[in-house]
Amino acid sequence: MHPLSGRRHLHRSLGVLCAAALLAACSSSADTGQSDEKSEPEVSATPAMSATVGLKLPLDAYDATREEADALQQGQGVLISRCMERFGFRYSLPPRPATPTRGENALVFGVVDANEAARYGYSAPEDAQPSRRTPQNLTASEELALHGAPDLKPTDMPNSQTEATKKGGGKERINGKAVPVGGCGHEAFLKLYAPEPNAVDAMYVFNLKAQAESRAREDSRTKAVNKRWSDCMARSGRTATDPMNATAELGIADDALASPAAITAARADVGCKKEVNLVGIYFAVQSAYQNRLIDKNAETLGLAKKQLADRLKLTASLISAP
């Protein structure tokens with residue numbers, strides 16, 4: 001499934017609209033403490049929206065932005081390089097591939113921009129960019145230092161840097177020094193994401209987002225707008241029922257996402273989303289489910305937010321170090 005037909009099945013300019021005001025209007029917290037979590041949360045208002053550039057969802061407040069994620073990867077790369085140097089190796093983490101500059105949620109509801117659909121179809125502008133990743137040929141010793149023993153099991157891995165330090169590394173040695181369990185990659189991850197045993201799982205916020213999305217997709221309001229979108233597509237001679245799985249239902253192969261046929265279909269798709277206000281309804285419903293999860297997990301999310309701030313502070317020091 002391509003990202004533009006269904007993103008995260010785990011990332012319009014609001015312009016004069018204030019994102020914070022939209023969130024307040026779209027999602028009511030009236031269901032806070034509600035015992036029946038299978039019920040549908042209240043949506044007090046639904047904004048008219050047709051695009052997603054700069055879009056923010058409630059749980060984004062607890063997650064790293066794209067720029068912060070880039071910085072975190074750079075900081076993790078510094079930690080890996082320092083670890084590899086202990087064993088006499090030089091290593092640089094490959095750069096991240098090109099990603100949208102339109103914000104983390106630009107593709108959250110699939111293709112929504114008419115101009116991009118007319119040019120790229122179900123592909124995305126960044127798909128046309130050449131990959132910046134260059135494979136590195138590592139020796140067996142470098143592989144061992146980077147990844148640790150090849151027969152490691154998940155249960156063998158320390159869950160925090162405190163635990164890893166206490167255990168003192170694995171049985172494998174390079175140049176007389178013990179290789180960290182899981183290698184330099186795992187050591188760098190622990191130092192940045194789990195220095196202490198109380199660290200919130202690095203995937204915690206992502207998993208909450210995925211849970212909210214899954215619930216939102218089964219919501220009656222989402223299903224109703226999907227039906228209206230499907231009826232609109234049918235009027236243009238296309239059979240599809242799920243806007244988040246459009247390319248598969250329309251029979252568009254992954255290597256033909258920017259073909260003339262895909263462009264024509266994507267333009268119809270975007271037009272139908274705008275006609276039925278699919279983006280506004282998806283945004284409102286998904287925001288409601290995210291707000292419910294925020295209310296339920298407030299304590300852990302508060303800790304996750306604090307730990308993200310600490311992580312970014314460490315990252316800044318690593319990047320700025322000579």
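User: What makes the second largest cavity a cavity, and what is its volume?

Analyst: In this predicted model, the volume is about 60 Å³, taken as the space filled by probe spheres set on grid points joined across faces, edges and corners. The word cavity applies because a 1.4 Å probe fits at its points, on a 1 Å grid over the protein atoms alone, but cannot get out.

User: Which residues line the second largest cavity?

Analyst: The lining residues (those with an atom within 4 Å of a point) are Glu37, Gln211, Ala212, Arg215, Tyr289, Arg292 and Leu293.

User: Why is asparagine 175 called exposed?

Analyst: Its relative accessibility is 61%, and exposed means over 50% relative accessible area with a 1.4 Å probe and protein chains only, so asparagine 175 counts as exposed. Asparagine 175 lies in the loop between β1 (173–174) and β2 (177–178), where strands are DSSP runs of E with at least two residues.

User: And is asparagine 277 buried or exposed?

Analyst: Buried: its relative accessible area is 18%, and the cut-off for buried is under 20%. Asparagine 277 is found in the loop between α10 (260–276) and α11, and its phi is near 55°, a positive value in a residue other than glycine.

User: How should I read the numbering and the model?

Analyst: Residues are numbered from 1 along each chain as its sequence is written, and side-chain values use heavy atoms, leaving out hydrogens and water. Local features need pLDDT of at least 70, side-chain atom pairs count only at pLDDT 80 or more, and totals for chains, interfaces and linings use all residues.

Definitions and conventions: 1 Å grid on protein atoms, 1.4 Å probe; cavity = no way out; pocket = protein on both sides within 12 Å on 5 of 7 lines; lining within 4 Å. Helix = DSSP H or I, 4+ residues; strand = E, 2+ residues; numbered from the N terminus.
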